[in-house]
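Dear colleague,

Please find below the structure that I am handing over to you, with its sequence. My notes on what was found in it follow directly after.

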Amino acid sequence: HEVSVRPTLRQNSRSRNSTSSCAIVSVAVGKYGGLTIPSIGKHSEITLDTVSIFEPELILLGPGQQYGGAIETFAIAPHTLEEVYATIRKLALRLGKEVEGDMLTHDLEEVLERVQLKAAKFHTVRVYVDHAPGYVLELVRIAGGEPQNGDDLAAFDPQIIITTSEERVDALGARHELTAV
């Protein structure tokens, strides 16, 4: 079973009495742009049996994931951009690709610096970030946004909402009286 990931955009306005509007960005699963990746299930469905089918030498684990098998694991759970860079370097070292890891982090730092310089020429956009690590807030700031997360969505009155799934979009909409336009 193969899936690919594509971003989706939904326009929403706050409550019926509000004249402001915001866009909600989420990630959905489906075919897109010819990119396909094998899937072994959702985070909560991954088991030793499904992982062992691929006979991996190394298993990359995300935040909160644990694996009790004999296969070596590498945890990826950065909270800041500095931790993202450090994780890339550590994984590159583990894979024997230290030079490539250094090149990748250097390239990322350069690209983000250019983005920040270009974004500084434009007005700031209020961006609510739902259930994401701190580095996402940093990326929003670099891209010229004013990031916010937490329970104060209505008072913040975001122009854009970033979340990770359609379910989260629906939950936010219900909790904060967002309605589709």
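I begin with Asp-102, which counts as partly exposed at 37% relative accessibility; here buried means under 20% relative accessible area, exposed over 50%, and partly exposed in between (1.4 Å probe, protein chains only). Please note that this is a predicted model, in which local features need pLDDT of at least 70 and side-chain atom pairs count only at pLDDT 80 or more, while totals for chains, interfaces and linings use all residues. Residues are numbered from 1 along each chain as its sequence is written, and side-chain values use heavy atoms, with hydrogens and water left out.

Confidence

The pLDDT (the predictor's confidence in each residue, from 0 to 100) averages 75 over the chain, and 71% of the residues score at least 70. Over residues 1-32 the pLDDT stays under 50, and for this stretch the model has 92 contacts beyond four places in sequence. A contact means heavy atoms within 4.5 Å.

Salt bridges

Side chains of opposite charge can pair when their charged atoms come close. The rule applied for a salt bridge is a side-chain nitrogen of Lys or Arg within 4 Å of a carboxyl oxygen of Asp or Glu, and by this rule the count comes to three. Helices (H or I, at least four residues) and strands (E, at least two) are DSSP runs, numbered from the N terminus.

Asp-102 takes part in one of these salt bridges, its partner being Arg-89, with an N to O distance of 3.4 Å. This pair links distant parts of the chain, since Asp-102 sits in helix 3 (residues 98-119) and Arg-89 in helix 2, 13 residues apart. Arg-89 is partly exposed, with 33% relative accessibility.

Arg-94 and Glu-72 form another salt bridge, in which the closest N and O atoms are 2.8 Å apart. Here, too, distant parts of the chain are linked: Arg-94 belongs to helix 2 (residues 81-94) and Glu-72 to strand 6 (residues 72-75), at 22 residues apart. Arg-94 is partly exposed at 32% relative accessibility, and Glu-72 is partly exposed at 40%.

A further salt bridge joins Asp-157 to Arg-126 at 3.8 Å, N to O. These residues are 31 residues apart, with Asp-157 in the loop between helix 5 (153-156) and strand 9 (160-162), and Arg-126 in strand 7 (residues 125-129). Arg-126 counts as partly exposed, at 27% relative accessibility.

Helix 2

Helix 2 has 14 residues and reaches 20 Å from its first C-alpha to its last, close to the 20 Å expected at 1.5 Å a residue; the expected span is 1.5 Å times one less than the number of residues. Its buried residues are Leu-81, Val-84, Tyr-85, Thr-87, Ile-88, Leu-91 and Ala-92. Seen down the axis of helix 2, these buried residues fall within an arc of 160 degrees, so they line one face of the helix; the arc is that of the directions from the helix axis to the C-beta atoms. They pack against strand 5 (58-61), strand 6, helix 3 and helix 4. The face turned away from the buried side carries the exposed residues Glu-82, Lys-90 and Leu-93. Gly-96, with a positive phi near 75 degrees, follows helix 2.

A polar atom of the Thr-87 side chain lies 2.7 Å from the backbone oxygen of Glu-83. Leaving aside neighbours within four places in sequence, Thr-87 is in contact with Phe-74, Ile-76 and Pro-78.

Loop residues

His-131 is placed in the loop between strand 7 and helix 4 (134-142), and is exposed, with a relative accessible area of 57%.

Thr-124 lies in the loop between helix 3 and strand 7 and is partly exposed, at 47% relative accessible area. Its C-alpha atom is separated by 5.2 Å from that of Gly-145, which is 21 residues apart along the chain. Leaving aside neighbours within four places in sequence, Thr-124 is in contact with Gly-144, Gly-145, Glu-146 and Gln-159.

With kind regards

Key: A polar contact is a pair of N or O atoms within 3.5 Å; within protein, one must be able to donate a hydrogen and the other to accept it, and residues adjacent in sequence count only if both atoms are side-chain atoms.
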